[in-house]
Amino acid sequence: MKAGIVGLPNVGKSTLFNLNVPDPRIEKLELLVKPERLVKGASKGEGLGNQFLGNIRECNAIIHVLRCFDNDNIVHVDGNVNPIRDKETIDIELQLKDLENVEKRLEKVNRAAKTGNKEAQTEKAFLDRIRESLLQAKSARTVLPQSNDEELLLESFQLITAKPVLYVCNVDENSAVTGNKYVDLVRELVKDEDAEVIVLSVGAEADITELESYEERQVFLEDMGLTEPGASVLIRAAYKLLKQQTYFTAGVKEVRAWTINIGSTAPQAAGVIHTDFEKGFIRAEVIAYEDFVQYGSEAKCKEAGKFKVEGKEYIVKDGDVIVFLDHILPYKK
């Protein structure tokens, strides 16, 4: 999963990009299982910094960071804090980039459409609708595909403003729980966009990641009035945006998070580890994350009746702790 981070200078993009944002459930499982090695790669977001105009086309989603805090020591590029204006500035820049690409594509497809090529005519009609929307300062995601052909075309266009977007309101530490007047403005502005808004104190999150132990981080969070890092909220929101979720394998060798599409069956989830596991799938031994944490071990979960054996039709749930068994051997690590 790749998420491109966009925003004006001094809004917190670089700090957010540099955060180490593990899924806290991995740390809980680590405390219980005590693995020899901990792998966190599957639960990190990946941003592209300020080089977004070229590279963001390769991303799956956009994380739009908006400055929602006052601080005289951090200069705003436009002189004062106004997240509504900032959003519009970035939106227009991205829309102009898309418009440039749409018009280049129209130049090529127009010639084929004039010869009577049906596919070219379909593409031209769709591009014309997108172009009209962009000229009205509306993002490409507002133009809904009307057929399977248009869905495939939209994917092939790789338009920046067609990608799903998540708005991150970067607030001061005191506003991390309740938000503030700037956050309220942003929520009101994007209420019709079908986009999620999350509140994050990026500076405080950076301080949290500097702490070495899970216990120290929890104390810091409690002092802020939070139950989990805002970065974890960011991860879940990004996964939700892309219709993805996480399951875990937890053994003495390692605790690992795996990313899958929501609705994946057990064999499909096993295939993320290795394609052979999907082909040779026999069954999955499943414990819900909450049960694993409550009872503390696989053995105790079995005693409590919280250990399930599932077959090929099982739909994996977010947070499932799974052991896959195939025709060769079980995968647990």
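Here are a few questions and answers about this predicted model.

Q: How many helices and strands does the protein have?
A: Let's start with the overall make-up of the chain. Buried residues account for 46% of the 333 residues in the protein. As for secondary structure, the count comes to 14 helices and eleven strands.

Q: Which elements give two or more residues to the negative patch?
A: The surface carries a negative patch made of E173, D207, E210, E222 and D223. One of these residues, E210, lies in helix α8. The elements that supply two or more residues to this patch are α8 (202–210) and α9 (214–224).

Q: Is E210 buried or exposed?
A: E210 sits in helix α8 and is a member of the negative patch. Exposed means over 50% relative accessible area. Because its relative accessible area is 64%, E210 counts as exposed.

Q: Where is A137 found?
A: A137 is worth a look for its backbone: phi is positive, about 65°, although the residue is not a glycine. Its relative accessibility is 48%, so A137 counts as partly exposed. Its place is the loop between α5 (118–135) and α6 (148–157).

Q: What is the relative accessible area of K243?
A: K243 is a residue other than glycine with a positive phi, near 55°. You can find K243 in the loop between α10 (230–241) and β6 (244–250). K243 is exposed, and its relative accessible area is 58%.

Conventions:
Residues are numbered from 1 along each chain as its sequence is written. This is a predicted model: local features need pLDDT of at least 70, side-chain atom pairs count only at pLDDT 80 or more; totals for chains, interfaces and linings use all residues. Side-chain values use heavy atoms; hydrogens and water are left out. Helices (H or I, at least four residues) and strands (E, at least two) are DSSP runs, numbered from the N terminus. Buried means under 20% relative accessible area, exposed over 50%, partly exposed in between (1.4 Å probe, protein chains only). Patches are made of residues with over 30% relative accessible area and no salt bridge: like charges are joined within 9 Å, nonpolar side chains (Val, Leu, Ile, Met, Phe, Trp, Tyr) within 5 Å. Accessible areas come from the Shrake-Rupley method with a 1.4 Å probe; for residues, only the protein chains shown count as cover. A salt bridge is a side-chain nitrogen of Lys or Arg within 4 Å of a carboxyl oxygen of Asp or Glu. Lys and Arg count as positive and Asp and Glu as negative; His and the chain ends are not counted. The place of a charge is taken as NZ of Lys, CZ of Arg, CG of Asp or CD of Glu.
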